[in-house]
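Dear colleague,

Please find the structure below, handed over for your records. My findings follow it.

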Amino acid sequence: MTATIAFDVYGTLIDTRSVENVLRSLVGQKSVAVSELWRQKQLEYSFRRGLMQEYRDFSVCTRDALLFACESNGVKLSTLEQEQAMHAYTELEAFDDVKDGLADLLSSRLRLFAFSNGSRTAIDVLLRHATLRESFIDVLSVEEARSFKPDPIVYEYLVKKCGVPARDVWLISSNPFDVIGAANYGLRTVWLRRDPTVIFDPWGVEPDLVVRGLEGVASKIQSASV
């Protein structure tokens with residue numbers, strides 16, 4: 001059977017740190033600190049909303065996190081500047097290995113889906129900006145499940161949309177919480193360890209594969225799927 005691959009988007013295909021290019025013009029030397037805290041709180045707010053069953057579009061988590069990150073760093077953005085920062089999230093850049101890696105997966109006749117906390121519309125726009133959209137059969141968003149990763153309900157939704165058993169779906173993600181959530185639901189997993197300083201959470205759940213980039217990942221998945 002042809003393997004089905006679900007790709008996380010933010011931090012896996014798309015480099016969220018590229019938002020620093022816009023932040024630099026808005027907050028100067030604090031751009032790195034604001035960017036890092038923005039991403040940290042964005043994920044935290046999605047976790048908290050998932051636990052509270054108070055779903056809102058991921059853009060709400062993103063905007064609230066931006067405001068927190070700015071205030072924490074003593075920065076005040078005007079309404080226009082907030083919109084500029086938010087717009088930057090629609091034009092983030094892909095990691096350098098992504099286009100070749102996706103081409104390799106497609107040449108191996110694997111089924112590719114994008115699977116994200118972001119809304120379907122936002123991810124579609126983002127992937128088109130990065131000229132990646134045509135690589136994917138579909139964009140799958142947690143918005144239809146009205147929760148966020150790593151809630152089991154979002155992986156249930158993913159499996160249903162892929163139309164194959166959970167063990168025939170591979171999740172590729174740079175986020176350990178996503179990998180653990182998918183593995184907990186019964187998916188096969190690849191941890192794309194983009195940052196060598198990141199430690200995988202010691203929860204007794206291990207990814208099926210660990211890679212540093214997308215080069216050669218197609219053959220590794222095919223070998224592990226036999």
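Leaving aside its neighbours within four places in sequence, which residues is Thr12 in contact with? They are Phe7, Phe95, Val98, Ile172, Ser173, Ser174, Asn175, Leu192 and Arg194, where contact means heavy atoms within 4.5 Å.

Before the remaining findings, a note on the basis. This is a predicted model, in which local features need pLDDT of at least 70 and side-chain atom pairs count only at pLDDT 80 or more, while totals for chains, interfaces and linings use all residues. Residues are numbered from 1 along each chain as its sequence is written, and side-chain values use heavy atoms, with hydrogens and water left out.

Thr12 is found in the loop between β1 and β2 (14-15). Its relative accessible area is 0%, and Thr12 is therefore buried; buried means under 20% relative accessible area, exposed over 50%, and partly exposed in between, with a 1.4 Å probe and protein chains only. Helices (H or I, at least four residues) and strands (E, at least two) are DSSP runs, numbered from the N terminus.

Helix packing

Two helix pairs deserve a description. The axes of α2 and helix α3 (residues 58-72) come within 8 Å of each other and cross at roughly 135°. Axes here are lines fitted to C-alpha atoms, for helices over the stretch in contact, and angles run from 0 to 180 degrees between N-to-C directions. The angle makes α2 oblique to α3; angles under 35 degrees count as roughly parallel, over 145 as roughly antiparallel, 65 to 115 as roughly perpendicular and the rest as oblique. The crossing of α2 with α3 is right-handed, a term for the near helix being turned clockwise from the far one by less than a right angle, left-handed being anticlockwise. On the α2 side, the residues that meet α3 include Val34, Leu37, Trp38 and Tyr45. Their counterparts in α3 include Phe58, Val60, Leu66 and Phe68. By class, the residues of this contact between α2 and α3 divide into twelve nonpolar, four polar and three charged. Ala, Val, Leu, Ile, Met, Phe, Trp, Tyr, Cys and Pro count as nonpolar, Asp, Glu, Lys and Arg as charged, and the others, Gly among them, as polar.

In the second pair, helix α1 (residues 20-27) and helix α4 (residues 79-88) have axes 9 Å apart and pack at an angle of about 165°. That makes α1 roughly antiparallel to α4, and their crossing is left-handed. Val22, Leu23 and Leu26 from α1 meet Glu81, Gln84, Ala85 and Ala88 from α4. The contact of α1 with α4 has five nonpolar residues, one polar and one charged.

Helix α7

The buried residues of helix α7 (residues 152-162) are Val154, Tyr155, Tyr157, Leu158, Val159 and Cys162. These buried residues of α7 pack against β1 (4-7), β4 (111-116), β5 (138-141), β6 (169-173) and α8 (176-185). Gly163 follows α7 and has a positive phi, near 75°.

Salt bridges

How many salt bridges does a search of the whole structure find? The search finds 13, a salt bridge being a side-chain nitrogen of Lys or Arg within 4 Å of a carboxyl oxygen of Asp or Glu.

- Arg48 and Glu44 form a salt bridge at 2.6 Å, N to O. Being four residues apart in helix α2 (residues 31-52), Arg48 and Glu44 are separated by about one helical turn. Arg48 is partly exposed at 41% relative accessible area, and Glu44 is partly exposed at 24%.
- Arg120 and Asp138 meet at 2.9 Å, N to O, in a salt bridge. Arg120 lies in helix α6 (residues 120-129) and Asp138 in strand β5, so the pair ties together parts that are 18 residues apart in sequence. Arg120 is partly exposed at 36% relative accessibility, whereas Asp138 is buried at 18%.
- Asp208 and Arg188 form a salt bridge, with their closest N and O atoms 3.3 Å apart. Asp208 lies in the loop between β7 (188-192) and β8 (209-211) and Arg188 in strand β7, so this pair ties together parts that are 20 residues apart in sequence. Asp208 is partly exposed at 35% relative accessible area, and Arg188 is buried at 14%.
- Asp124, Arg128, Arg133 and Glu134 are linked in a network of salt bridges.

Yours sincerely
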